[in-house]
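I opened my notebook to get to know a new structure. Here is what I looked up, entry by entry.

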Amino acid sequence: MEYTRLGSTGLTVSRLALGCMSFGDRSRGFNEWALDDEAAAPIFRQAVEAGITFWDTANIYGIGSSEEIVGRAIREYTTREDVVLATKVNFKMHDGPGGAGLSRRAILEQIDASLIRLNTDFVDLYQIHRFDPLTPVEETMEALHDVVKSGKARYIGASSMWAWQFAKLQHAADLGGWTRFVTMQDQYSLMMREEEREMFPLLADQGVGSLPWSPLAKGRLTRPWGEQTLRGETDPLQARYTEEHDRPIAEAVQRVAEARGVPMAQIALAWVLRNPVVDAPIVGATKPHHLPDAVAAVHLELTEDEVRELEAPYRVTMPTGF
């Protein structure tokens with residue numbers, strides 16, 4: 001495994017982050033393909049053995065059960081000192097006034113709930129899961145600053161919003177003398193490159209690291225076009241990356257992978273990793289080969305000809321996931 005700094009901080013993280021949306025209690029109704037403790041155990045063991053020290057979850061994943069599973073896995077397979085732990089806040093956890101959004105009430109309530117589920121005193125990275133248009137940015141940034149100053153989080157990050165919204169939040173932090181975001185977890189893959197227009201230049205200018213989610217386009221870039229999986233058949237978010245203009249991209253990845261004699265996932269992920277603003281793509285794993293393929297991608301260098309072939313089919317796409 002290779003390691004890098006998280007944004008412009010001094011914190012070292014693995015070049016891949018273990019995405020933990022794949023873990024949860026199916027009975028809570030979050031998804032039908034989640035892995036429980038027993039099913040997730042081999043994935044956690046692989047992550048530890050591969051040196052993937054950066055683990056990313058969220059309060060909403062599994063309606064809290066992902067955090068619970070991750071907390072137990074840390075105790076079972078590694079130590080808290082050896083893991084850089086990230087979680088998120090925003091989406092609805094309950095009907096009460098602190099159950100959703102980025103108000104002061106919600107942030108302070110939800111960080112405490114996450115820490116209980118994770119069985120830890122702090123998270124390394126606390127991320128807002130989306131922009132909250134109903135809450136003043138000053139209220140959000142001051143509350144996040146208080147979370148950091150209380151010792152419950154070491155750093156803060158954001159996820160999936162317009163560049164102007166992110167700039168507004170950072171500006172509010174500067175004006176208030178509050179903690180700034182050090183990361184942006186955004187959607188980025190060969191099938192969704194719109195972050196290159198405004199968000200990535202902003203991140204580069206501000207010294208903020210990108211943690212791409214869905215770097216394999218919900219698995220569309222890991223298999224020949226048209227092949228389906230259980231997650232693809234049951235996950236409503238899989239409606240993304242199904243347009244006909246996405247087909248040539250998948251076919252380009254397949255051609256390069258076949259010429260190299262490697263799985264498609266390695267090619268698609270290697271392309272994401274080569275972007276200098278990317279710190280650590282979020283890799284969700286549900287099968288034994290997922291993490292080994294991802295780790296191999298860290299060491300795979302694409303040629304300029306391969307990059308041109310992979311990028312040529314892309315067409316302007318309306319951003320999704322905000």
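Which residues are buried in helix α10 (residues 290-298)? I noted Leu-291, Asp-293, Ala-294, Val-295, Ala-297 and Val-298 as buried there. I keep in mind that this is a predicted model.

**Entry: around helix α10**
I then looked up the neighbours of these buried residues. The buried residues of α10 pack against β3, α1, α9 (264-273) and β10.

**Entry: the sheet**
Next I followed the strands. I found an open sheet of eight strands with parallel pairing, in the order β9-β8-β7-β6-β5-β4-β3-β10. Its edge strands are β9 (209-210) and β10 (282-284), each of which pairs on one side only.

Helix α3 (residues 104-118) does, touching β5 (84-89) and β6 (123-128). The direction of α3 makes about 135° with that of β6.

**Entry: strands β7 and β8**
How many bridges join strand β7 (residues 153-159) to strand β8 (residues 181-185)? I read off four, and the two strands run parallel. Looking across from one to the other, I saw that Ile-156 stands opposite Phe-181 in β8, while Ala-158 stands opposite Met-184 in β8. Strand β8 is largely enclosed by the rest of the structure, because five of its five residues are buried.

I turned to helix α4 (residues 137-149) and helix α5 (residues 163-176). They pack at an angle of about 65°, and their axes are 9 Å apart. The crossing of α4 and α5 is right-handed. For the residues that meet, I wrote down Val-137, Glu-138 and Met-141 in α4, and Lys-168, Leu-169, Ala-172 and Ala-173 in α5.

**Entry: aromatic rings**
My count of aromatic pairs comes to nine. One of them is Phe-23 with Phe-44, a tilted pair at 4.6 Å centre to centre, with 45° between the planes. Why does this pair tie together parts that are 21 residues apart in sequence? The reason is where the two residues sit: Phe-23 lies in the loop between β3 (17-19) and α1 (37-50), and Phe-44 lies in helix α1.

Buried or exposed, I wondered about Phe-23? Phe-23 counts as buried, at 0% relative accessibility. Phe-44 is buried too, with a relative accessible area of 1%.

Phe-44 has a further partner in my notes. The ring centres of Phe-44 and Trp-55 are 5.2 Å apart and their planes are at 40°, so I list this pair as tilted. The pair links distant parts of the chain, with Phe-44 in helix α1 and Trp-55 in strand β4 (residues 54-56), eleven residues apart. Trp-55 is buried, as Phe-44 is. Together, Phe-23, Phe-44, Trp-55 and Tyr-77 form one aromatic cluster.

**Entry: arginines over a ring**
Last, I looked at Phe-122. Arg-80 lies over the face of this ring, at 4.3 Å from the ring centre. Arg-154 lies over the face of Phe-122 as well, at 3.7 Å from the ring centre.

Notes:
Residues numbered from 1 in each chain as written. Predicted model: local features only at pLDDT ≥ 70, side-chain atom pairs only at ≥ 80, totals over all residues. Heavy atoms only, no water. Phe/Tyr/Trp six-rings, centres within 6.5 Å; stacked < 30°, edge-to-face > 60°. Buried < 20%, exposed > 50% of the residue type's maximum accessible area, 1.4 Å probe, protein only. Lys NZ or Arg CZ within 6 Å of the ring centre and 35° of its normal. Pairing = 2+ DSSP bridges. Contact = heavy atoms within 4.5 Å. Axes fitted to C-alpha atoms, helices over the stretch in contact; angles between N-to-C directions. Left-handed = near helix turned anticlockwise from the far one by under 90°.
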